[in-house]
Amino acid sequence: MINIENYHRPSSISEAVQLLQQGEATIVAGGTDLTPQIEAGARQFESTLINIQRVEEMRGISVTSGRYRIGGLTTVTDILESTTLAADIPVLVEAADHFASPQIRNAATLAGNLCNASPAGDMCIPLLLLDAQVELVSWIDESVSTRRLALCDFFIGPGKTVLQKNELLTAVEFKQPVAGFSASFQKSGPRPALEISTVAMGFAGVLEAGVLRGVRIAIGAVAPTPLRATATELVLEGRSLNESAIAQAVEAVQEEVKPIDDVRASAWYRTHLSGVYIRRALALFQGVTAHAA
Amino acid sequence: MQLEIEIKFSLNGRMVQTKVPPTMTTLVMLRENFDLTGGKLACGEGECGACTVKIDDRTINSCLMFAVDCDGREVQTIEGLGGVAGLEIMQQAFVDHGAIQCGYCMPGMIMQARYVVDQNTDKSHQLSRDDIARGLEGNVCRCSGYTKVVDAVAAVILDEASA
């Protein structure tokens, strides 16, 4: 058991990153991932804890000239209950609705879900479809320094991200999707609640004069990180949605995923499910776009 | 020496003050510092809901939340639901419908059931049995008596709609 020597409760981003600059620390927020990891011995507290729950500027959902910003401390419930997101970006709300349980959603923060970098992290999937960026803040040369990074470049392995020890993930941003953008989220597990996805798939695109454009495919729990299936996207880009395109997409996605065998499912089953889900996602997309036309 | 943080918050309607180590969970604080043993430690990882309490307007798993984060907030446990006045209507409904078997999960289950009903502010939409089950998806009963739990919550919804 590590002895906690310092405990800080900053109330602003600037204060938080100055504290982070002083040396190794554990950042604490909702606790829904951290507490079980500590209990299981998978992680240890540093001797300095920085509890960021009071950094109010890291909370909330806003839209400024077509750019959406979700603060890192925004809870999954906040996303689920956002009328703005329900109207404009329903796929985010759908993913939030499949997230764990009401009690966990009430506490779990968006930044926590991303920084935990589970290959099965549910909120990563819709955000990858939206080409979201993460905002990473640090304290350099006596001032606040901000860098923005595409979410797809943020993850590097199970539980691993490019986040530096002196950095804080303060917000996620993305642009208003183009007109006609249609997206879906599917998740598989033996029960609907509290399930770590066996496979989760997000699909998005636009149907333009009968052909697919701006195809985005994001898959959870089939690779060391949440995966953007770019090879499969290319197979579908510019194609009309016929059986040969669908069959090629199934083949491509099954080639592209790199799942493992674990307690939740075998690699074979995850590969199989990826094919089923891309087929369903395309059928859903076809249904929605046909209805809109 | 173990570092301790002084916190002050409203507990079941009364302002309280205590000292907690920064890594202590809310559940341990409630049980050890305040003798409120209704909430239980069962899974310790947010899967079962036996530790459910309400913080401000939201229910959470108190086994996962740090006690220091109670500072300045309103905490309600099962002990504060009915209080000295007797059982609250949700507690009574669980008794009347035989929804309680071994009872271990009940304090958390009832806190969440109350929350699910209170959350539905849209009076034109009456919660269905499926809505109730969804709302209680984070609460596990290993006696597996869910039917009577849903019966009890459905009865409270009917009662409160006609009140």
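Two residues count as in contact if their C-beta atoms, placed from the backbone, lie within 7 Å. Helices here are DSSP runs of H or I with at least four residues, strands are E runs of at least two, and both are numbered from the N terminus. This is a predicted model, where local features need pLDDT of at least 70 and side-chain atom pairs count only at pLDDT 80 or more, while totals for chains, interfaces and linings use all residues. Residues are numbered from 1 along each chain as its sequence is written, and chains are lettered from A and ligands numbered from 1 in the order in which they are written.

Start in chain B, with helix α2 (residues 89-96) and helix α5 (residues 146-162). In α2(B), Ile89(B), Met90(B), Ala93(B) and Phe94(B) meet Ala152(B), Ala155(B), Val156(B) and Asp159(B) of α5(B). By class, that contact has seven nonpolar, no polar and one charged residues (Ala, Val, Leu, Ile, Met, Phe, Trp, Tyr, Cys and Pro are nonpolar, Asp, Glu, Lys and Arg charged, and the others, Gly among them, polar).

Now hop over to where the chains meet: 23 residues of chain A are in contact with 25 residues of chain B. On the chain A side, the elements giving two or more residues are α2 (34-39), β3 (48-51) and α6 (102-107). Of these, α6(A) gives the most, with five residues. That side of chain A divides into twelve nonpolar, nine polar and two charged residues.

Finally, look at Ala16(A). Leaving out residues up to four places away in sequence, Ala16(A) touches Pro10(A), Ile50(A), Ile52(A), Val55(A) and Leu168(A).
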